[in-house]
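Here is a short tour of a protein model, arranged for someone who likes to know how each number was defined. Please keep the viewer open while you read.

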Amino acid sequence: MTTAGTPPAPGTGPLSGVRVVELAGIGPAPFAAMLLADLGADVVRVDRPGGAGLAIDPASDVTNRNKRSTVVDLKAPDGAARVLDLAERADILVEGYRPGVAERLGVGPRDCHARNPRLVYGRMTGWGQDGPLAHRAGHDVAYIALTGTLGLIGRPDEPPAVPANLLGDYAGGSLYLVVGVLAALHHARATGTGQVVDAAIVDGTAHLSAMIHGMLAAGAWQDRRAANLLDGGCPYYGTYETADGGYMAVGALEAKFYEEFLRLLGLCDLASAHSDWSRWGELRERITAAFKSRTRAEWTAVFDGSDACVAPVLSLREAPSHPHLAARGTFTDHGGITQPAPAPRFSATPATLRTGPARPGADTAAVLRDWGIPAHPTDDPDDLVTDGG
């Protein structure tokens with residue numbers, strides 16, 4: 001295997017010094033590992049022979065940024081041993097296989113804990129490690145459908161709107177996996193004992209709806225789309241089309257923001273409609289007509305500097321140029337790719353974008369050296385080429 005990677009710069013981010021093994025997959029596990037890498041962890045992605053999981057050029061897969069990569073064929077006679085060598089020296093391992101697959105490959109929790117009892121073993125699935133659907137195939141949209149959260153989104157007279165894979169894969173999946181493995185890492189460092197973290201997209205996505213379930217129980221939420229304060233049912237919390245086909249987002253919930261919103265929209269006579277549900281139909285019609293009278297740029301200028309809680313709906317390509325996001329550096333350019341910068345931000349240990357997407361197998365020799373792993377007998381020394389490290 002040819003290797004030409006550069007180890008990430010040390011001492012960057014609050015997780016500097018934490019070692020993570022990521023067994024390559026697609027969806028929420030790679031994103032979770034990217035977040036750990038963004039925060040400074042030394043993430044080694046164990047790629048499979050034969051290419052990337054996503055059907056895009058690996059050089060553009062930013063979910064593999066700040067990582068290093070080695071290629072291991074887990075079906076080869078020495079495949080499991082190579083992964084266990086890494087697990088023995090790691091703090092966290094992340095995998096996204098169906099339940100039982102890692103065990104069959106010889107790299108399940110029992111195998112890894114036999115070598116490293118302190119290891120946090122993070123498991124990312126859609127349905128979870130047990131339950132009637134645990135072994136069924138699935139994707140984001142099916143997981144969020146069963147939790148009730150997909151049914152929240154969209155107009156009542158149309159099918160539920162699919163929120164890309166942000167709600168299930170990344171919010172209900174990746175972020176809960178990261179919270180779980182970091183909490184388990186804290187426990188492992190305090191007690192010397194690792195554990196398994198079972199992060200299921202159905203669990204995390206359901207958890208995200210906790211507030212709404214409380215409102216439902218209190219009679220403050222109707223169990224149908226676009227009939228509530230935060231789901232587009234309220235005319236002063238939603239989106240409106242402008243004269244040029246753009247959209248403005250309105251979130252003028254509180255009375256003082258609502259009054260400012262109406263003043264700038266030229267609809268001050270509707271002030272009493274704020275809490276009068278019987279007038280919400282009229283209110284929506286008037287707001288709709290008002291926004292259709294000017295372009296998105298014109299309305300953006302009208303609401304600029306106000307507390308009306310109104311913003312233009314930007315596209316993915318437009319967002320990085322917004323003055324606020326540009327001033328904060330919310331997006332960054334690295335290796336010719338515009339992408340979100342690491343988040344959140346830390347005053348003492350800032351996270352950085354250190355390297356671009358890891359190329360499959362590009363860092364094998366550097367990882368063996370840095371993690372103190374002897375080369376396997378089957379390795380060809382002439383193939384373990386580094387970039388001079």
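Predicted model: local features only at pLDDT ≥ 70, side-chain atom pairs only at ≥ 80, totals over all residues.

Helices (H or I, at least four residues) and strands (E, at least two) are DSSP runs, numbered from the N terminus. Residues are numbered from 1 along each chain as its sequence is written, and side-chain values use heavy atoms, with hydrogens and water left out.

**The chain as a whole**

- The protein chain has 13 helices and 11 strands.
- Along the principal axes, its C-alpha atoms fill a box of roughly 80 × 45 × 40 Å.
- Of the 389 residues in the protein chain, 43% are buried (buried means under 20% relative accessible area, exposed over 50%, and partly exposed in between, with a 1.4 Å probe and protein chains only).
- The accessible surface comes to about 19000 Å², and carbon and sulfur atoms hold 57% of that area; accessible areas come from the Shrake-Rupley method with a 1.4 Å probe, and for residues only the protein chains shown count as cover.
- Taking contacts (heavy atoms within 4.5 Å) between residues at least 6 apart in sequence, 67% join residues at least 24 apart.
- The mean positions of the 34 positive and 44 negative charges lie 1 Å apart. Lys and Arg count as positive and Asp and Glu as negative, with His and the chain ends not counted; each charge is placed at NZ of Lys, CZ of Arg, CG of Asp or CD of Glu.

**The parallel sheet**

- Six strands make an open sheet in the order β3-β2-β1-β4-β5-β6, with parallel pairing. Its edge strands are β3 (67-71) and β6 (195-200), each of which pairs on one side only; two strands pair if DSSP finds at least two bridges between them.
- From one strand to the next, the twist of this sheet averages 20°. Axes are lines fitted to C-alpha atoms, for helices over the stretch in contact, and angles run from 0 to 180 degrees between N-to-C directions.
- Helix α2 (residues 79-89) packs on the sheet, where it touches β1 (19-23), β2 (42-47), β3 and β4 (92-95). The direction of α2 makes about 150° with that of β1.
- Strand β5 (residues 120-125) pairs with β6 in the parallel sense over 6 bridges, and Y121 has V196 in β6 as its bridge partner.

**The antiparallel sheet and E241**

- A second open sheet has 3 strands in the order β7-β8-β9, with antiparallel pairing. Because β7 and β9 (310-312) stand at the edges with a single partner strand each, one side of each is left without a neighbour in the sheet.
- The twist here averages 20° from one strand to the next.
- Strand β8 (residues 247-251) runs antiparallel to β9, joined to it by 3 bridges. The bridge partner of M248 in β9 is P312.
- Helix α10 (residues 280-291) lies across β7 and β8, at about 40° to β7.
- E241 belongs to strand β7 (residues 237-241). Its relative accessibility is 33%, so E241 counts as partly exposed.
- Leaving aside residues up to four places away in sequence, E241 touches G246, Y247, F291 and K292.
- The C-alpha atoms of E241 and V313 are 9.7 Å apart, with the two residues 72 apart along the chain.

**The hairpin and a cis peptide**

- Strands β10 (residues 331-334) and β11 (residues 337-340) pair in the antiparallel sense over 4 bridges, and H334 stands opposite I337 in β11.
- The hairpin of β10 and β11 has 2 residues between the strands, and G335 takes a positive phi near 60°.
- The peptide bond between A343 and P344 is cis, with omega about 0°. P344 sits in the loop between β11 and α13 (364-370).

- N66, in the loop between β2 and β3, has a positive phi of about 60° although it is not a glycine. N66 counts as buried because its relative accessibility is 0%.
- A226 also has a positive phi, near 55°, in a residue other than glycine. At 22% relative accessibility, A226 counts as partly exposed.
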